[in-house]
Amino acid sequence: MHIPDAFIPLPQAAVYWIIALIFIALALRWARRELSEEKIPLVAILAAGIFAIQAVNIPIPWGTSGHMMGAALAAIVLGSPFAAVFILTLVLIVQGVLFGDGGLTVMGANIINMGVIGGFVGYYSYRAFYPIFKSPYAPAFIAGWLSLFIAALACAVEMALAGTFPLGLGLFSMGMYHAVIGIIEGGITASAIYLIATARPDIMANTEGVPA
Amino acid sequence: MDKKTFIFAGIVIALIIAAMAPFIASSNPDGLESAFFGIFGAKELQGSSLDEEMAGSAEEEVAGITGNVFSFDSPFPDYSISGLAKFGEAAAVIFGTLLVVLVAWGLGKVISRPH
């Protein structure tokens with residue numbers, strides 16, 4: 001879902017950058033308040049894991065592929081959507097600047113889709129579904145799926161505003177592909193939470209018991 | 001699992017995924033690219049064959065529509081290191097993963113420093 005430079009006109013790209021910078025500032029404020037000595041290594045591991053897993057494109061039908069985004073995972077494990085903004089921004093900067101993966105002028109839009117929308121949809125859908133299932137795994141799967149699917153629809157709307165995709169066809173095709181890629185996102189999100197919760201139940205404790 | 005083992009295991013898992021990525025990743029276009037090629041006639045939205053020539057002209061066409069012709073030569077485009085094939089890609093993804101660990105850890109330290 002990494003938008004390349006040519007897909008968005010520069011004035012719109014600038015608007016996305018401004019919105020993204022507001023969320024980056026809020027994410028830095030989150031980091032200043034919440035990042036304890038305990039949590040810094042977890043942030044680093046999640047960032048590294050998300051960077052690595054984003055390089056693994058898994059084939060889906062229709063000659064297409066998709067990879068995990070990781071925003072829901074970061075937000076659930078660290079207990080804040082701003083954790084996802086913080087981590088995804090770092091990952092997107094390294095991807096864009098060093099590897100040409102995602103444009104630079106449009107990086108604001110990519111941060112909004114994958115960090116902000118991914119993180120907020122992931123975190124709040126997890127919290128909404130947790131009381132229903134009373135276990136982290138089904139809510140984590142749903143949060144992962146929704147975070148990717150909604151981010152993809154937002155991307156389609158941005159493409160329509162940019163004049164790159166017609167709205168209907170963009171929503172249909174982005175929705176169709178990402179409904180399937182979302183299964184990958186949900187599955188890995190739930191599995192990673194199982195691994196982290198098994199290895200370090202103390203880290204997950206406050207997230208598992210989040211009040212509705 | 002103690003704290004050090006957990007950190008070590010986490011970084012090792014990330015590096016294993018990074019090392020394997022170029023060998024196991026699908027080279028099919030991703031969701032956004034596939035939608036783009038489909039809408040610009042280089043591929044059927046629900047088909048799997050990609051017309052490379054049409055795909056190339058679609059990329060020129062879209063820059064014409066948006067007027068965004070910004071281009072930037074990244075040092076390792078598409079996770080490749082010139083002259084090195086798949087192993088270069090693995091090295092590039094491993095390098096990126098280690099860089100992300102260092103930047104995240106360093107930034108975390110600087111930001112969380114007591115004021």
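**Chain B and its interface with chain A**

Of the 115 residues of chain B, 30% count as buried. This value, like those that follow, derives from a predicted model. The secondary structure of chain B consists of four helices and zero strands, and the order along the sequence is α-α-α-α. The radius of gyration of chain B is 20 Å, well over the 13 Å given by the globule rule for 115 residues, so chain B is more spread out than a compact globule. The C-alpha trace of chain B spans about 55 × 35 × 30 Å along its principal axes. When contacts in chain B between residues at least 6 apart in sequence are considered, 33% join residues at least 24 apart.

In the predicted model, 59 residues of chain A are in contact with 59 residues of chain B. On the side of chain A that touches chain B, at least two residues each are supplied by helices H1 (10–34), H2 (39–53), H4 (81–99), H6 (137–162) and H7 (167–199) of chain A, and likewise by strands E1 (58–60) and E2 (64–66) of chain A. The most is given by H2(A), with eleven residues. In terms of residue class, the side of chain A that touches chain B comprises 42 nonpolar, 14 polar and three charged residues.

Note on methods: Residues are numbered from 1 along each chain as its sequence is written. Chains are lettered from A and ligands numbered from 1 in the order in which they are written. This is a predicted model: local features need pLDDT of at least 70, side-chain atom pairs count only at pLDDT 80 or more; totals for chains, interfaces and linings use all residues. Two residues are in contact if their C-beta atoms, placed from the backbone, lie within 7 Å. Ala, Val, Leu, Ile, Met, Phe, Trp, Tyr, Cys and Pro count as nonpolar, Asp, Glu, Lys and Arg as charged, and the others, Gly among them, as polar. The radius of gyration is taken over C-alpha atoms; the globule rule is 2.2 Å times the number of residues to the power 0.38. A residue is buried if 20 or more other C-beta atoms lie within 10 Å of its own, exposed if 12 or fewer, and partly exposed in between; C-beta atoms are placed from the backbone.
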